[in-house]
Amino acid sequence: MPKEDSRTNDNLVIGRNAVIELLKSGREIENVMIAKGEHEGSINRIIAMCRENKVVIKTVDRKKLDFMCAGGNHQGVAANVPAHDYSTVDEILEYAERKNEPPFIIICDEIEDSHNLGAIIRTAEACGAHGVIIPKRRSVGLNFIVAKTSCGAVEYMRVARVGNLASTIDDLKKKNIWVYCADMDGQPWCKTDFSGGCALVVGNEGSGVGRLIKEKCDVTVSLPMCGEVNSLNASVAAGIIMYEVTRQRLKL
């Protein structure tokens, strides 16, 4: 049997034994990618361990896995590990309390582009947000590209990864945090009062904020669109509204 590699560039662990040891370690894992058609030997053990530890499994084309592993001997399996440790929602709220400030949180609903999430984290840090919340599924995590795009902001910004975004929003609302949805057909962003505890929901690059999440929000805010294109890049839209929240907090 050919010798397996344990790790390639950045935050990718490859090879069956290496992934098994990673799963046994208890370390945070973004997802485990398994090549289509791989169902033999230790792959079944890896699948069972993923299910036991509630780790997301992605079935991918073998050619894609070959490309991602840069020629490394992945043996049909690779795992993405975060480029930075995650925080919890409680840690985000505790940080705001320590600063004696009303919570200011960014919630990313299924942001799938690493560059967008990195840019959102960078702007959130610059605006004085206390944390960012992302879902575990159907969302990019803290991978190498996110860390690089954030230009170091990921080292300072608390990012929590939750299993159920809707219930997390319910919990925030119980703590007197108002939840604002950035989406079409809302009230003007510049005429919205963002004082007090504030959580801003930014939606998916293509479909926007999901219906269930939007229904959970207290207020929908929109940006004027004067051109032929009817939407903005997610990180650009988030940045504009984040700075309005900051402007109001600084009373500028």
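How exposed is Arg-247, by relative accessible area? Arg-247 is partly exposed, at 35%; here buried means under 20% relative accessible area, exposed over 50%, and partly exposed in between (1.4 Å probe, protein chains only).

1. Basis. This is a predicted model, in which local features need pLDDT of at least 70, side-chain atom pairs count only at pLDDT 80 or more, and totals for chains, interfaces and linings use all residues. Residues are numbered from 1 along each chain as its sequence is written, and side-chain values use heavy atoms, with hydrogens and water left out.

2. Helix 9. Arg-247 pairs with Glu-244 in a salt bridge, with the closest N and O atoms 2.8 Å apart. The term covers a side-chain nitrogen of Lys or Arg within 4 Å of a carboxyl oxygen of Asp or Glu. Both residues sit in helix 9, 3 residues apart, about one turn of the helix. Helices (H or I, at least four residues) and strands (E, at least two) are DSSP runs, numbered from the N terminus. Glu-244 counts as buried, at 8% relative accessibility.

3. Other salt bridges. The whole structure holds 9 salt bridges. One of them joins Arg-138 to Glu-110, at 3.2 Å between the closest N and O atoms. Arg-138 lies in the loop between strand 6 and helix 6, and Glu-110 in the loop between strand 5 and helix 5, so this pair ties together parts 28 residues apart in sequence. Arg-138 is exposed at 57%; Glu-110 is partly exposed at 24%. Lys-214 meets Asp-183 at 3.1 Å, N to O. Lys-214 is in helix 8 (residues 211–216) and Asp-183 in strand 8, so that bridge spans 31 residues in sequence.

4. Core. The largest nonpolar core has 37 residues, and Ile-106, Ile-121, Val-132 and Met-242 have the most contacts inside it. Such a core is a set of buried Ala, Val, Leu, Ile, Met, Phe, Trp, Tyr and Cys residues joined through side-chain atoms within 4.5 Å. Helix 9 gives the most to this core, with 6 residues.

5. Surface patches. Patch residues have over 30% relative accessible area and no salt bridge; like charges are joined within 9 Å, nonpolar side chains (Val, Leu, Ile, Met, Phe, Trp, Tyr) within 5 Å. Met-184, Met-225, Leu-232, Val-236 and Ile-240 form a nonpolar patch, with about 380 Å² of accessible area together. Ile-240 belongs to helix 9 (residues 234–250). Asp-90, Glu-91, Glu-94, Glu-97 and Asp-171 gather in a negative patch. Helix 4 (residues 89–98) gives the most to the negative patch, with 4 residues.

Technical notes
Accessible areas come from the Shrake-Rupley method with a 1.4 Å probe; for residues, only the protein chains shown count as cover. Lys and Arg count as positive and Asp and Glu as negative; His and the chain ends are not counted. The place of a charge is taken as NZ of Lys, CZ of Arg, CG of Asp or CD of Glu.
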